[in-house]
2 protein chains.
Amino acid sequence: MDLHLILDGSGSLQSQLLRALRAAIVAGRMAGSSALPSTRRLAHALGVSRNTVLLVYEQLTAEGYIRPRQGAGSYVEPVAALRTRPAGAVAARAAPRVSNYANRMSEPHAAADASEGLRFDLGTGVAAVAPALASAWRRALIRAADDTAFDYPPAAGLHQLQRALAGYLARRRGIEADPGNILIVTGIQQGIDLAARILLDPGDLAAVEEPGYGGLRHSLRAHGADVVLVDVDAEGLRVDALQRRPSARLVAVTPSHQFPSGAEMSLARRAALLEWAERHQAYVLEDDYDGEFRHGRRPLPALKSLDRSERVIYLGSLSRALFPAVRLGYLVVPAALRDYFIRAKRLADRGSPAIEQRALADLIDSGRFERLLLATARRLDERRTALIDAITEFFGDNASVTGGSAGMHLCLHFSDVYASQEAQLIAAAADAEVRIEGMNGYHERPPDRLAVLLSYAQSTPQELREAVRRLAQVVRDLRS
Amino acid sequence: MDLHLILDGSGSLQSQLLRALRAAIVAGRMAGSSALPSTRRLAHALGVSRNTVLLVYEQLTAEGYIRPRQGAGSYVEPVAALRTRPAGAVAARAAPRVSNYANRMSEPHAAADASEGLRFDLGTGVAAVAPALASAWRRALIRAADDTAFDYPPAAGLHQLQRALAGYLARRRGIEADPGNILIVTGIQQGIDLAARILLDPGDLAAVEEPGYGGLRHSLRAHGADVVLVDVDAEGLRVDALQRRPSARLVAVTPSHQFPSGAEMSLARRAALLEWAERHQAYVLEDDYDGEFRHGRRPLPALKSLDRSERVIYLGSLSRALFPAVRLGYLVVPAALRDYFIRAKRLADRGSPAIEQRALADLIDSGRFERLLLATARRLDERRTALIDAITEFFGDNASVTGGSAGMHLCLHFSDVYASQEAQLIAAAADAEVRIEGMNGYHERPPDRLAVLLSYAQSTPQELREAVRRLAQVVRDLRS
């Protein structure tokens, strides 16, 4: 038989020969029942020892691809000639049949990544990690790698981390939680996904903030929810607008620092929202985005701290307190939903990585986590002040700031630039080496006037001033 | 006013006082519009400086809980008296309204944990990590913590890891995969969940192996699938039984070492399964459980290596090659499904932890991962041989072994003990300090005769021999 074997040069000659023969059989280049070359002939042709070929034939026999016949060499098993379809023929075929869930999925809003790598990066969602924090996390990780059990962690999370978070939440977020009601997840997005699984059926109403986070809306819609957009003003979600939606099962909010507008939900609104949820037996999904960083004073307690009728599912993230690559988050869930959440987490991924959970628990228990938060808050406050000063200096009355009381970014609003000019402004800013992000992508009801998000997390006060100077020039050019 | 403040002793006096006042207001112990004690009086009563009380009142004012009146002290905001409902009243209420998904969830089979901590642990699912592997993983993790970017990793996984796995899969599992079609997930269970989301609607037929892994069945059922049980024999899944289920959308198999029976799917069955899937445009979910460890010879290539018509979704795990606490797994998906899987992963949790991904990529690229696998395989082979020898020695013809050709466990079948005696046998074995696991929990159609799973991963040859000696005595006692 005429046999062309392609040895790929990776690994021992024996394993190359094994792979090449297997591939030839599977691809149908050696028909079923055809004879293989004798081990002696093949060894000679390839310049390898006969023993090598013998071992390969033995392996192929054990795998069922070939069969030795007494005294008559080896033959390809008929069943092994599996397919003669050329690879690649499949790709051109019709779209696969997928589920309703798959068909409902759509792409979350992606920030304009074309302008990454610019000298002045004021984009949101970029990790700005202080060296002290990075090295503290590394040390915690190394220590945890020595101490953590190798078995499956409990689906709800390591007990030590549940207890550590209960203490942290009581001290810093005003939440008195039973550690057993704290569930460790792989980031906020998984918290949203689990809540949607447990609470929503296709067709159920779920209310979200407008403007708001794309990953939330896309998740709810993929689960089949009918997503209702509720406007946000300076006091946060317009709870009065909810009154017209008594049948909503779930309302998702970011009360500490509304994303992306930056509004802090007032106490009156918080009370009204809880009252609404209790009256309608609905649940509130509180994403405590930026709850760790309130400037000029202590952070406002979480909405969950007011939740005496167990309607709030609290989502905490480490993406801002540490950094996004960590992929840890946590939920505080009402006791009545606890077992549902643990079951759903077990079915979703059987538990989050144990070593990183242990590292976080150690970091909190040692007090270092909160000291690092305070250091970050001080750094952010200084940068925020520099940014606002620069805006006042270079924009004067031509722009206004909202959302500067907490977190890592604020919104800059232009009364005399239209939202339709966003792409133009971002491109012109990029030409001036400044990366900014527009608000349009977070709106489904297009706004009239232009607003942009400016993050002050990853730039020094001097860089922020220069970036704003350049941005003001860009806006002047755009106006004229 | 008569005010009882409970200071909890955690943190500074200032933060204790802040929390105590907030709690009193929220709990309704201070009615709306009532006056707070003057800062001077409260400072005196508590023995703290007046400045501390002033700062607390300022913070509460900023939070909206109280309002200062010019020259007349501070008053509780009416809205702040949120609830007078006593905490705990909620717990007794009716069950919450949850989704159909939530109602379909049930608990995966839990192994008998009562017998944990016994001297001879032959239970499956226990991590048995060689010191060399543990230290290699720690070193990789430490290096990765220094090198990994802090931002969100790509939802599909780090490119470096996708490339490293493509090389590993080609060398060790016979799979030629485009790195772009490899998706990093948080363990096998997440791979199952994503596949179910993308491929199954409620009411769709999905076929699974009987006996089989509970986490799979529970996931499919929670997604609303109509789960069909297909028997397994010595050659793996009875593909002929599938012919009566032409409408199944998905068939899930463990071809390398069927869990839990240990059967290795024959090449003829593999070919028949792929043919069936292509004919019915169904997908095969290949969980390559124990594919790394085949004893006495090289591992059989994965089913995916034969998949020329793109019907196989391959699931690989690190739970056996490394250990379960790592929580990393990977999928090789058909090109036509790739974007669906990436979107679903983004919606599920936005990506798996970056540092562990980086550590694994480094471990594979350095060649160390495969050397560790070989060392583990040698160790397992030695232990398996000791276990089988001991079974022959102590049981003779009274029991038979299946599933010993691969992986970390085998099945021991008793022809003259009934399956109904399982609990009795496990308890008696535990009394003899031997932990074993029965097969009943993996069957939905109860078997007639008793079979138990014996893991040889975590015991030395000497321990295995002693455990089997004790087990044989236990079985003798049970028979008489």
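Conventions first. Residues are numbered from 1 along each chain as its sequence is written, chains are lettered from A and ligands numbered from 1 in the order in which they are written. The model is predicted, so to speak of a local feature we need pLDDT of at least 70, side-chain atom pairs count only at pLDDT 80 or more, totals for chains, interfaces and linings use all residues, and side-chain values use heavy atoms, with hydrogens and water left out.

Confidence next. Chain A averages a pLDDT of 89. That score is the predictor's confidence in each residue, from 0 to 100. In chain A, 94% of the residues score at least 70. For the complex, the predictor gives an ipTM of 0.91 and a pTM of 0.91.

Now the interface. Contact here means heavy atoms within 4.5 Å. Together the two chains bury about 9800 Å². Buried area is the accessible area, with a 1.4 Å probe, that two parts lose on being put together, summed over both. Carbon and sulfur atoms carry 57% of it. Which residues of chain A lose the most area to chain B? They are A:F150, A:R308 and A:L347, together 9% of what that side buries.

Charges at the interface. A salt bridge is a side-chain nitrogen of Lys or Arg within 4 Å of a carboxyl oxygen of Asp or Glu. Side chains of opposite charge can pair when their charged atoms come close. Between chain A and chain B there are six salt bridges. One of them joins B:R97 to A:D204, at 3.5 Å from N to O.

Inside chain A, now. The chain divides into domain 1 (13-76), domain 2 (114-124 + 377-479) and domain 3 (131-371). Those bounds come from an automatic or database domain assignment. The C-alpha centres of domains 2 and 3 of chain A lie 28 Å apart. Their contact takes 20 residues from domain 2 and 21 residues from domain 3. The area buried between these two domains is about 1900 Å², and carbon and sulfur atoms give 54%. On the domain 2 side, A:Y442, A:E444 and A:R445 lose the most area, together 33% of what that side buries.

What holds charge across this domain boundary? The count is three salt bridges. A:R445 also forms a salt bridge with A:D231, the closest N and O atoms being 3.0 Å apart. Polar contacts between the two domains come to 14 residue pairs. On the domain 2 side, helix 13 (368-395) and strand 13 (409-418) of chain A each give two or more residues. Helix 13 gives the most, with four residues. Helices (H or I, at least four residues) and strands (E, at least two) are DSSP runs, numbered from the N terminus.

Over all chains, the search finds 54 salt bridges. Among them, A:R435 meets A:D121 at 3.2 Å, N to O. A:R435 lies in strand 14 and A:D121 in strand 3 of chain A, so the pair ties together parts that are 314 residues apart in sequence.

Last, the backbone. The peptide bond from A:E210 to A:P211 is cis, with omega near 0°. A:P211 lies in the loop between strand 5 (205-210) and helix 8 (214-222) of chain A. In chain B, the bond from B:E210 to B:P211 is cis, with omega near 0°. A:R350 is not a glycine, but has a positive phi of about 70°. A:R350 sits in the loop between helix 11 (338-349) and helix 12 (354-365) of chain A.

Technical notes. A polar contact is a pair of N or O atoms within 3.5 Å; within protein, one must be able to donate a hydrogen and the other to accept it, and residues adjacent in sequence count only if both atoms are side-chain atoms.
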